[in-house]
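The sequence and the structure are shown first.

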Amino acid sequence: MSSMFSLEGKVAIVTGASRWTGKVVALEMARAGADLLICARKAERLEAAAEEVRGLGRRCIAVPTNVENAEQVSAMVCRAKEAFGRIDILVNSAGTSMPVSTLELAEDRFDAMVRLNLKAHFLCSRAVAPVMIEQGGGCIVDVASTEGLRASPTNCAYGAAKAGLMNLVKTLAVEWGRYRIRVNAVAPGFIATPIHPGYMEGYPHLKAIYERVPLGRGVTMEEVAAAVIYLASDAAGGTTGITLPVDGGLTSLM
Ligand SMILES: NC(=O)c1ccc[n+]([C@@H]2O[C@H](COP(=O)([O-])OP(=O)(O)OC[C@H]3O[C@@H](n4cnc5c(N)ncnc54)[C@H](OP(=O)(O)O)[C@@H]3O)[C@@H](O)[C@H]2O)c1
């Protein structure tokens with residue numbers, strides 16, 4: 001009997017899947033049974049990630065794509081449809097932050113943060129929705145951040161973009177519910193990526209927040225992936241429009 005948490009027979013696109021969280025999400029989704037199209041900008045690292053996914057016995061194609069570019073996003077979605085015939089799940093994981101104090105934040109850097117962490121989610125979701133509507137449904141999971149749930153000192157553009165993203169999730173869930181498209185997000189707190197411990201040393205105020213995390217540690221990339229898989233699976237069939245914190249209890253302190 002197949003579990004409600006299984007992704008067996010489903011086709012997923014994962015953006016930002018060439019390293020760290022996005023790559024672990026892709027690998028765990030493959031372990032849960034999904035076939036995948038993965039994208040990021042740098043082709044070599046992306047292809048290496050796709051090879052790892054294929055090593056798990058699933059189909060996976062790597063399509064180098066800048067998710068900030070509507071034409072490239074549209075071409076990537078067409079490739080998925082051509083290769084697999086359907087798209088059941090979109091995971092928007094591509095995103096990044098570049099901490100700097102707001103007084104020193106240049107306008108173009110602000111725009112770049114919003115383009116990747118908010119607008120690209122809109123572009124990918126808008127491109128995939130017609131395919132999902134045509135096939136009778138689907139689901140979208142966005143990777144947000146607890147930075148969008150609280151003040152985000154030295155990360156104002158990132159925090160504002162992630163806060164906007166959580167609102168976008170609610171709006172798309174309401175607009176697209178009639179098409180049986182579910183839209184949800186996960187909001188990781190501190191993720192234990194390879195740079196995590198050293199990175200924190202450069203930002204004392206972040207370290208101070210980190211030291212208050214109730215579970216006393218960063219969440220693992222696998223724990224973020226597990227939450228994504230839950231929201232993408234039939235187990236979350238009744239859930240849309242929410243943001244699920246995966247943060248070791250951080251938001252309970254706010
Ligand atoms: N790290 C944390 O502690 C933390 C906490 C909360 C939330 N998050 C969120 O979790 C997600 C993953 O973060 P991470 O730190 O694990 O990964 P990351 O190192 O920031 O990796 C980002 C991924 O996205 C790709 N990417 C970046 N810009 C892109 C673009 N314009 N088009 C397509 N792909 C692009 C990168 O590959 P290319 O450079 O080759 O394009 C890479 O595969 C992000 O959304 C981030 O905001 C992270």
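Ile87 is found in the loop between helix 3 and strand 4, where helices (H or I, at least four residues) and strands (E, at least two) are DSSP runs numbered from the N terminus. The structure is a predicted model, in which local features need pLDDT of at least 70 and side-chain atom pairs count only at pLDDT 80 or more, while totals for chains, interfaces and linings use all residues. Residues are numbered from 1 along each chain as its sequence is written, and side-chain values use heavy atoms, with hydrogens and water left out.

With a relative accessibility of 0%, Ile87 counts as buried. Buried means under 20% relative accessible area, exposed means over 50%, and partly exposed lies in between (1.4 Å probe, protein chains only). Not counting residues up to four places away in sequence, Ile87 touches Val11, Ile13, Val77, Ala80, Lys81, Val128, Val131, Met132 and Gln135; contact means heavy atoms within 4.5 Å. Ile87 and Val131 are 44 residues apart in sequence, and their C-alpha atoms are 6.9 Å apart in space.

One of the residues that Ile87 touches is Val77, which lies in helix 3. Val77 is buried, with a relative accessible area of 5%. Its contacts, again leaving out residues up to four places away in sequence, are Ile13, Ile87, Ala127, Val128 and Val131. Val77 and Cys124 are separated by 47 residues in sequence and by 8.2 Å in space, C-alpha to C-alpha.

Two packed helices are described by the angle between their axes and the distance between the axes. Axes are lines fitted to C-alpha atoms, for helices over the stretch in contact, and angles run from 0 to 180 degrees between N-to-C directions.

| Helix pair | Angle between axes | Distance between axes |
|---|---|---|
| Helix 1 (residues 20-31) and helix 2 (residues 43-54) | about 20 degrees | 9 Å |
| Helix 3 (residues 70-84) and helix 4 (residues 107-135) | about 30 degrees | 9 Å |
| Helix 4 and helix 5 | about 15 degrees | 8 Å |

Helix 3 and helix 4 are roughly parallel to each other, a term that covers angles under 35 degrees, whereas angles over 145 count as roughly antiparallel, 65 to 115 as roughly perpendicular and the rest as oblique. The crossing of helix 3 and helix 4 is right-handed. A crossing is right-handed if the near helix is turned clockwise from the far one by less than a right angle, and left-handed if anticlockwise. On helix 3 the contact is made by Ala70, Val73, Val77 and Lys81, and on helix 4 by Leu123, Cys124, Arg126, Ala127, Val128, Val131 and Glu134. By class, this contact has 8 nonpolar, no polar and 3 charged residues. Ala, Val, Leu, Ile, Met, Phe, Trp, Tyr, Cys and Pro count as nonpolar, Asp, Glu, Lys and Arg as charged, and the others, Gly among them, as polar.

Helix 4 and helix 5 are also roughly parallel to each other, and helix 4 passes helix 5 in a right-handed crossing. Among the residues that make the contact are Phe110, Met113 and Phe122 of helix 4 and Tyr158, Leu165 and Trp176 of helix 5. The residues of this contact divide into 14 nonpolar, 4 polar and 2 charged.

## Helix 1

Helix 1 and helix 2 pack at an angle of about 20 degrees, which makes helix 1 roughly parallel to helix 2. Helix 1 passes helix 2 in a right-handed crossing. The contact is made by Lys23, Ala26, Leu27 and Ala30 of helix 1 and by Ala49, Glu52 and Val53 of helix 2. These residues divide into 5 nonpolar, no polar and 2 charged.

The buried residues of helix 1 are Thr21, Gly22, Val24, Val25, Ala26, Leu27, Met29 and Ala30. What covers them includes strand 1 (11-15), strand 2 (35-39), helix 2, strand 4 (89-92) and helix 8 (221-232).

## Positive phi values

Trp20, placed in helix 1, has a phi near 50 degrees, a positive value in a residue other than glycine. At 25% relative accessibility, Trp20 counts as partly exposed. Just after helix 1, Gly33 takes a positive phi of about 115 degrees.

Arg180 is found in the loop between helix 5 (156-176) and strand 6 (181-188). Although Arg180 is not a glycine, its phi is positive, at about 60 degrees. Arg180 is exposed, with a relative accessible area of 64%.
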